[in-house]
Every structure is written in structure tokens, then in C-alpha cells.
Amino acid sequence: MKTAEVEAESNLVEVKEPSNRAPDWDLSMIVAAHPPWQRMLSELRQRLLAFGLDVTAPLSVEWYNAAVSPALHLPWLGRDRAPLAILVGNSRAIWEPFKSAIRMQPALLAEKHPLDAYVSQSVTRALSSFHLVDALSSTGSTPGRNELGVKAAVYWDYDTRPGRLVAMQRLACISGVAYLNEEAHLCVHKQFGPWFALRAVVLFEVDPPTERPEILQDPSSSEHRERLRMEVKAALDQSNISNSKEEPWKKWLAVREAIHPNHPMRYSHDQIEYHYTHNKDILMRLC
Ligand code: B12
């Protein structure tokens with residue numbers, strides 16, 4: 001069982017009154033009308049959007065754990081029932097806020113992986129406005145709970161240490177936001193196609209949704225799958241040839257393109273190049 005949990009200090013959820021509501025409306029009725037997971041999701045979603053983290057989806061840790069090997073299990077946060085998990089990811093929307101963050105905080109460029117550092121900082125900030133202050137770091141999270149007694153924990157996509165690795169692609173499929181293209185090893189989002197990244201999963205000690213979302217199926221034809229298989233083979237072969245003339249990442253890019261050619265939500269040229277090469281010169285040139 002994993003133990004990372006998060007300290008929080010006051011109410012997690014701020015409920016805003018809709019403007020068209022009668023002034024004597026009982027607020028507790030509104031609060032009661034929405035289960036805590038829905039309020040948690042909508043608050044977090046709203047905060048993350050400002051950072052360009054525009055993919056969020058709720059699920060039960062139980063659903064994920066049932067689909068992966070025990071080494072990849074997420075914790076129940078000491079509960080006797082599975083907690084809520086919220087998947088966090090991004091489409092091309094992260095690029096502009098990320099570039100602005102670098103301009104405001106050039107120190108991000110000193111990080112080994114500036115984008116990972118930006119995501120960790122952003123998720124941590126979003127959660128700290130839930131008063132989950134000092135809760136999270138880029139290497140994990142420290143234990144704690146808020147004054148409502150709600151515990152939380154965050155797992156990052158890039159943390160592959162035993163006990164911290166999350167099979168993010170499996171989790172994304174189970175949450176119903178994407179299907180997994182088994183040939184390309186890439187998740188394909190309902191709206192963003194293959195042009196999205198999986199960044200983190202946040203666990204909250206509240207009951208998750210009870211209704212399982214539909215698991216999306218790969219709609220591609222067998223010919224298309226065969227073509228993809230060949231693209232992946234080319235990428236793998238090229239990665240193994242040290243004197244290859246072409247940069248290997250371009251073959252991986254070809255795999256992504258082949259899933260859905262000319263997808264309207266494709267990353268920009270600079271975003272693509274940075275994602276595949278992690279070359280900081282690209283960021284310095286842009287910011
Ligand atoms: C380790 C890793 C890799 C390894 C894969 C080794 C391996 N055998 O798993 C390597 C370094 C090769 C790799 C490459 C890339 N990766 Co990667 N990788 C991961 C990471 C950090 C963990 C994967 C993992 O171990 N999962 C646990 C296992 C048990 O889960 P699983 O569901 O059973 O297996 C899945 C993956 O392991 C992967 N996979 C499994 N075997 C192989 C073999 C090869 C050759 C590749 C490429 C992938 C792969 O696909 C499986 C599902 O089909 C994830 C983030 C995460 N935490 O999930 C990102 C992740 C899967 N990678 C991602 C991407 C985009 C890439 C690259 C395109 C990036 C690049 N720089 O070129 C490349 C190429 C992949 C491609 N198909 O185009 C994205 C996928 C996004 C999406 N839309 O699905 C993720 C989710 C990271 C992110 N921030 O979004 N990756």
C-alpha cells in the first residue's frame with residue numbers, strides 16, 4: 001500500500017451561488033445536491049484550466065486497481081472504501097501558459113525537465129487553493145489531512161519509482177476519456193486525438209462516482225492498425241540503429257501522426273519538438 005498523503009488546512013470546496021437563484025435559498029441544499037466528488041472535480045478542474053491543464057476525469061481507485069498488477073496499485077488512503085481519483089492531463093493548451101511561466105520564472109529553465117516542474121508546481125498551486133498547503137512536492141507528497149478530515153495524495157506520470165509508478169494510460173482508459181491504441185502505445189482522446197499528455201493523478205479521501213463510464217473502443221480498421229504497426233516497427237528499428245541519419249524522434253512523431261493524420265488539435269511545431277527532444281534551447285529561443 002502506498003502512503004503518500006496530503007496535509008490540508010481548511011474547507012476543500014467553496015460553493016458559489018448561481019446568480020439567478022432566489023436570495024433565501026438554503027445553501028446546504030445545493031451542497032447536498034452534488035456529491036463531494038463532483039464538487040471536488042469542478043473546483044480542481046477550474047483551477048487547473050488556468051495552467052493549461054485542461055484534461056480532468058474522475059474515477060474510482062477500485063476500478064483502476066482491478067485492472068493493473070498489484071505493484072501498480074494506488075492506495076485507499078486508509079479508508080475501508082476506495083477513494084476518488086482525478087486524472088490530470090493537457091492538450092496543446094498547456095504551451096502558452098508554460099511559456100509565460102518560464103518568462104516569469106526563468107529558474108524553471110534550470111530544472112532538469114522544465115515542463116514536468118511546471119506541471120508539478122501548477123497542480124500543487126491548484127491544490128493549495130484547496131488549502132492543501134505544503135502538501136506536494138515534485139518528488140512525492142507529504143502526509144496530512146484538512147480540517148474536514150479529507151486526505152489527498154498526488155502521483156506524477158514521470159515518477160517511475162517502484163511504488164510510485166502509475167499506469168497512466170490504463171487509468172485514462174478506465175476514466176473513459178480516451179482509448180488505448182495498442183499498436184502505437186498511445187492513448188487517443190475523444191476531443192484531442194493522440195495530442196494530449198497524462199500528467200498526474202490526484203486522490204481524495206471521498207467516495208468516487210458509482211457509475212462506470214463507457215470504455216472507448218479503438219475505431220481503427222485492421223488496415224490502419226497494420227500501417228501503424230509498421231510505423232512503430234520503423235521507429236523501434238531506427239532507435240536501435242546508432243548511425244541513423246534521421247533523428248529517431250521523428251519516427252515516433254510519424255507514429256502519432258499516423259493515428260489521426262492532420263488532427264486539428266495537433267501540437268504546434270515548437271511544442272512537438274520540445275515534447276520529443278526535451279531540448280531546452282527551444283524554450284530559450286521562444287521565451
Ligand atoms: C516508461 C515510459 C516510456 C518508455 C516505454 C517503455 C515501456 N516498455 O513501457 C519509453 C521511453 C520507450 C517511452 C517512449 C515514449 N513515450 Co512514454 N512513457 C513511459 C511512462 C513514464 C511509464 C510507462 C509505464 O511503464 N507504464 C506502466 C505499464 C505497466 O503500463 P501498461 O499500460 O501496461 O503499458 C503501457 C506503456 O508502458 C507503453 N508501452 C509499453 N511498452 C512499450 C514499448 C514501447 C517501445 C513504447 C514506446 C511504449 C510502451 O504502452 C503500454 C500500453 O500500450 C508513461 C507515463 C506513465 N506513468 O504511464 C509515459 C507515456 C506512456 N509516454 C508517452 C509518450 C508520448 C511517449 C513518447 C511518444 C515520447 C517521446 N519522447 O518520443 C515516446 C514514444 C512512444 C510512442 N508510442 O510514440 C505518453 C503517452 C501519452 C498518450 N497520449 O498516451 C505517456 C503517458 C507520458 C505522458 N506524459 O503523457 N515511454
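1. Trp156 has Ala200 as its bridge partner in β8. The pairing behind this bridge joins β5 to β8 (residues 197–204) in the antiparallel sense, over 5 bridges. The model discussed here is a predicted one.

2. These two strands belong to an open sheet of 4 strands, ordered β1-β2-β8-β5, with antiparallel pairing. The edge positions are taken by β1 (55–60) and β5 (152–156); each has a single partner strand, so one side of each lacks a neighbour in the sheet. Direction ignored, neighbouring strands of the sheet are turned against each other by 20 degrees on average.

3. Helix α2 (residues 36–49) packs on this sheet and touches β1, β2 (84–90) and β8. The direction of α2 makes about 160 degrees with that of β1.

4. The largest nonpolar core comprises 69 residues. Ala85, Leu87, Val88, Val201, Val202 and Leu203 have the most contacts inside this core. Among the secondary-structure elements, β8 gives the most to the core, with 7 residues.

5. For Ala85, the contacts can be listed, leaving aside residues up to four places away in sequence: Leu59, Ser60, Val61, Tyr64, Leu74, Val201, Leu203 and Pro208. Two of these contacts, Val201 and Leu203, are also named with Ala85 among the residues with the most contacts inside the core.

6. The ligand has 26 residues around it, of which Ala167, Met168, His185, Cys187 and Ala197 come nearest. By class, the shell divides into 18 nonpolar, 3 polar and 5 charged residues.

7. Which elements each supply at least two residues of the shell around the ligand? They are α6 (168–175), β7 (186–189), β8 and α8. The largest share, 4 residues, comes from α8.

8. Two backbone angles deserve a check. Most residues other than glycine have a negative phi. Asn262 has a positive phi, near 55 degrees, and lies in the loop between α8 (248–259) and α9 (269–277). Asn262 counts as exposed because 6 C-beta neighbours lie inside 10 Å, and the cut-off for exposed is 12 or fewer.

9. His278 is the other case: its phi is positive, at about 55 degrees, although His278 is not a glycine. The residue sits in the loop between α9 and α10 (280–286). With 15 C-beta neighbours inside 10 Å, His278 counts as partly exposed.

Terms used: Residues numbered from 1 in each chain as written. Predicted model: local features only at pLDDT ≥ 70, side-chain atom pairs only at ≥ 80, totals over all residues. Buried ≥ 20, exposed ≤ 12 C-beta atoms within 10 Å, placed from the backbone. Pairing = 2+ DSSP bridges. Axes fitted to C-alpha atoms, helices over the stretch in contact; angles between N-to-C directions. Contact = placed C-beta atoms within 7 Å. Core = buried A, V, L, I, M, F, W, Y, C linked by C-beta atoms within 7 Å. Near = placed C-beta within 6 Å. Nonpolar A, V, L, I, M, F, W, Y, C, P; charged D, E, K, R; others polar.
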